[in-house]
Amino acid sequence: MSKSQDVDSYILNQDEEARSTLKELREIIKSTVPEAEEGIKYNVPFYEFHGTHVGFTAFKNHATFGIGADAFRSEDRKLLEEKGYKIGKETIQIRYDQAVPTTELKQLLERKVKEATKAQ
């Protein structure tokens with residue numbers, strides 16, 4: 001796969017079943033953190049704001065939303081795992097046959113913004 005120059009081309013270069021999930025993740029980030037600077041880093045969509053960042057990546061059967069370990073609390077992990085999402089140290093895997101956990105992602109993003117602005 002060729003390197004994407006922007007997030008639109010990144011999404012368009014993915015399999016059709018991945019695109020709606022990726023578009024939804026993008027919209028969640030942009031609507032929750034409108035000041036985030038969108039770009040491509042490490043060949044994936046990347047959003048920088050207040051000295052921190054988030055991003056997402058498409059894989060064959062799932063998208064991974066990278067938010068960082070600092071945004072997760074144990075209760076967040078437990079809730080998402082109970083809903084069937086695979087949680088890594090800094091990531092949430094969302095299978096393409098799963099609904100995107102919009103409410104939970106927005107809450108995590110809002111917390112990340114709050115923590116990042118305190119640190120500045």
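Me: Are Arg111 and Asp76 buried or exposed, and how is that decided?
Reply: Both Arg111 and Asp76 are buried. The term buried stands for under 20% relative accessible area, exposed for over 50%, and partly exposed for values in between, with a 1.4 Å probe and protein chains only. The model is predicted, with residues numbered from 1 along each chain as its sequence is written. Local features need pLDDT of at least 70 and side-chain atom pairs count only at pLDDT 80 or more, while totals for chains, interfaces and linings use all residues, and side-chain values use heavy atoms, leaving out hydrogens and water.

Me: What makes the contact of Arg111 and Asp76 a salt bridge?
Reply: The definition asks for a side-chain nitrogen of Lys or Arg within 4 Å of a carboxyl oxygen of Asp or Glu. The N to O distance between the side chains of Arg111 and Asp76 is 2.5 Å, so the pair qualifies as a salt bridge. Arg111 lies in helix H4 and Asp76 in helix H3, so this bridge ties together parts that are 35 residues apart in sequence. Helices here are DSSP runs of H or I with at least four residues, strands are runs of E with at least two, and both are numbered from the N terminus.

Me: How many salt bridges does the structure hold, and which residues are linked in a network of them?
Reply: There are eight salt bridges in the structure. Asp8, Arg26 and Glu38 are linked in a network of such bridges.

Me: Why does the pair of Asp70 and Lys112 count as a salt bridge, and what does this pair tie together?
Reply: The distance between the two side chains, N to O, is 2.9 Å, so the pair meets the cut-off for a salt bridge. Asp70 lies in the loop between strand S4 (62-66) and helix H3 (74-82), and Lys112 lies in helix H4 (residues 102-119), so the bridge ties together parts that are 42 residues apart in sequence. Asp70 is called exposed because its relative accessibility is 53%. Lys112 is called buried because its relative accessible area is 4%.

Me: Which accessibility class applies to Glu48 and Lys41, and on what grounds?
Reply: Glu48 has 33% relative accessibility and therefore counts as partly exposed. Lys41, with a relative accessible area of 33%, is partly exposed as well. The side chains of Glu48 and Lys41 meet in a salt bridge of 3.1 Å, N to O. Glu48 also stands opposite His53 in S3.

Me: How do you know that strands S2 and S3 pair?
Reply: Two strands pair if DSSP finds at least two bridges between them. Phe49 has Thr52 in S3 as its bridge partner. The hairpin of S2 and S3 has two residues between the strands, and His50 takes a positive phi near 50° there.

Me: What makes strand S3 mostly covered?
Reply: Strand S3 (residues 52-58) has seven residues, of which five are buried. S2 is also mostly covered, with five of its six residues buried. S3 is joined to S4 by four bridges, in the antiparallel sense, and a hairpin connects these two strands through three residues.

Me: In what order do the strands form the sheet, and why are some called edge strands?
Reply: Six strands form an open sheet in the order S1-S2-S3-S4-S6-S5, with antiparallel pairing. Strand S1 (37-41) and strand S5 (86-87) are the edge strands, each pairing on one side only. H2 packs on the sheet, touching S1, S2, S3, S4 and S6, and its direction makes about 170° with that of S3. H4 packs on the sheet too, touching S2, S3, S4 and S6, at about 150° to the direction of S3. Touching, or contact, means heavy atoms within 4.5 Å. The angles run from 0 to 180 degrees between N-to-C directions, with axes fitted to C-alpha atoms, for helices over the stretch in contact.

Me: Which residues touch the most other members of the largest nonpolar core, and what makes a set of residues such a core?
Reply: A nonpolar core is a set of buried Ala, Val, Leu, Ile, Met, Phe, Trp, Tyr and Cys residues joined through side-chain atoms within 4.5 Å. The largest one has 32 residues, of which Ile92 and Leu105 touch the most other members. H2 supplies the largest share of this core, five residues. Leu105 touches Leu25, Ile28, Phe65, Ile92, Ile94 and Val100, not counting residues up to four places away in sequence.
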